[in-house]
Amino acid sequence: TCSTTYYCTENLLSPHLIKRSITMQGTYEMPVKGGMEKKSSHGSNTSLHLLHEGEGLNYRMKTVDKDGGKKPISLWHDVTLVHVDPATKKPTPYLNFVCEIPKFSRKKYEIATDEIGNPIKQDEKKGVLREFKKGDIFFNYGCLPRTWEDPTHIHPDADGTCGDNDPVDVCDIGLKVVKPGDVRPVKVLGVLCMIDEGETDWKVVAIDAEDKWAPFLNDINDVEEQLPGTLDAIREWFRTYKIPDGKPPNTFGLDEKFMDKSYTLEIIKECNHAWKELITGEKERKITHMDEGVQKMVRKLSKSNLLSLAMDDAEDDAPTF
């Protein structure tokens with residue numbers, strides 16, 4: 001049910017390419033005059049406010065505008081991939097990280113990708129709220145907005161598996177405990193290719209741009225040199241965290257290696273391209289020849305988010321970073 005596609009990518013954050021990259025397909029678009037974000041885009045957390053509604057299985061953490069807006073803001077679609085300086089309204093060399101699960105906690109919060117507005121909820125299975133039975137996670141865990149791991153696409157390095165149908169996951173190794181729903185600028189350092197129950201599940205390693213270690217960490221090798229053992233610990237966490245649930249250990253592609261920043265940015269750009277195909281409906285139109293189960297999965301995700309985007313800002317053909 002998968003198809004293999006190859007995308008030509010560039011280094012998203014190279015200084016000499018940044019102005020060009022932010023106007024590419026699916027990226028933040030800055031008007032020629034004024035340097036302001038589009039109305040439906042949020043380049044940082046300064047204008048965001050979290051609302052807590054319900055409890056238990058019905059608990060939802062919703063995001064709205066701080067200035068009293070009532071329309072829901074999607075942390076998946078309305079936050080830009082490239083972080084935007086709230087003072088200058090210009091893009092920075094960092095990406096936005098949406099935190100779902102704070103470090104030193106175990107409740108499995110996640111963005112509800114198939115709900116309008118994409119609130120954060122606690123995952124559940126058969127009516128039971130989920131937690132990591134392995135124990136507390138030791139890094140901030142969340143995702144990159146405006147990315148999507150396409151369940152119809154096989155990456156050539158992913159051992160023949162398709163994407164997991166979610167935004168790209170991020171492990172923030174900074175010292176700060178980030179709250180669920182917060183959006184932080186991060187430096188991308190590398191990526192691990194996890195194979196989770198037959199699906200590709202990329203794990204980006206990043207550090208908060210304001211962390212005391214950030215000036216010393218610029219690529220994945222710096223993590224091993226400056227913070228030895230951190231990468232091994234991340235890999236072993238993901239290898240074993242499902243074993244207490246009675247499942248086998250997860251496996252990894254690329255000989256279990258953490259790939260460098262350059263490779264990681266190519267993965268991110270590929271998943272940004274896939275996100276745009278999803279929310280414009282283009283992906284649904286492309287897979288009419290595929291298995292009905294795959295079509296139904298993509299159709300459900302695509303329709304719920306197209307409706308959400310239409311409600312949020314009808315004057316935009318499609319949101320851009």
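Student: What is the relative accessible area of Lys247?
Tutor: Lys247 is partly exposed, a class that lies between buried (under 20% relative accessible area) and exposed (over 50%), using a 1.4 Å probe and protein chains only. Keep in mind that the model is predicted: local features need pLDDT of at least 70, side-chain atom pairs count only at pLDDT 80 or more, and totals for chains, interfaces and linings use all residues. For Lys247, the relative accessible area is 27%.

Student: Which residue forms a salt bridge with Lys247?
Tutor: Side chains of opposite charge can pair when their charged atoms come close. A salt bridge here is a side-chain nitrogen of Lys or Arg within 4 Å of a carboxyl oxygen of Asp or Glu. The closest N and O atoms of this pair are 2.9 Å apart, and the partner of Lys247 is Glu197.

Student: How far apart in sequence are the parts that this pair ties together?
Tutor: Helices (H or I, at least four residues) and strands (E, at least two) are DSSP runs, numbered from the N terminus. Glu197, which is exposed at 53% relative accessible area, lies in the loop between β14 and β15. Lys247 sits in the loop between α3 and β16 (251-252), so the distance in sequence between the joined parts is 50 residues.

Student: Which helix holds both Arg239 and Glu236?
Tutor: These two side chains meet in a salt bridge of 2.9 Å, N to O. Arg239 counts as buried at 18% relative accessibility, whereas Glu236 is partly exposed at 35%. They are separated by about one helical turn because they are three residues apart in helix α3.

Student: How many salt bridges does the whole structure have?
Tutor: Some share partners, joining Lys108, Glu110, Asp123 and Arg130 into one network. Lys121 and Glu115 form another bridge, with their closest N and O atoms 3.9 Å apart. A search of the whole structure gives a total of 18.

Student: How many residues are in the largest nonpolar core?
Tutor: A nonpolar core is a set of buried Ala, Val, Leu, Ile, Met, Phe, Trp, Tyr and Cys residues joined through side-chain atoms within 4.5 Å. In the largest one, the residues with the most contacts inside it are Leu75, Phe139, Ile173, Ile234 and Phe238. Elements that each supply at least two residues of this core include β5 (91-101), α3 (230-240) and α4 (261-280).

Student: What percentage of the 321 residues is buried?
Tutor: The chain has six helices and 17 strands. Across the 321 residues of the chain, the buried part is 55%.

Student: Which residues form the nonpolar patch on the surface?
Tutor: Patches are made of residues with over 30% relative accessible area and no salt bridge, where like charges are joined within 9 Å and nonpolar side chains (Val, Leu, Ile, Met, Phe, Trp, Tyr) within 5 Å. Val177, partly exposed at 44%, is found in the loop between β13 (169-172) and β14 (183-196). Together the members have about 280 Å² of accessible area, from the Shrake-Rupley method with a 1.4 Å probe, where for residues only the protein chains shown count as cover. The members are Phe104, Phe138 and Val177.

Terms used. Residues are numbered from 1 along each chain as its sequence is written. Side-chain values use heavy atoms; hydrogens and water are left out.
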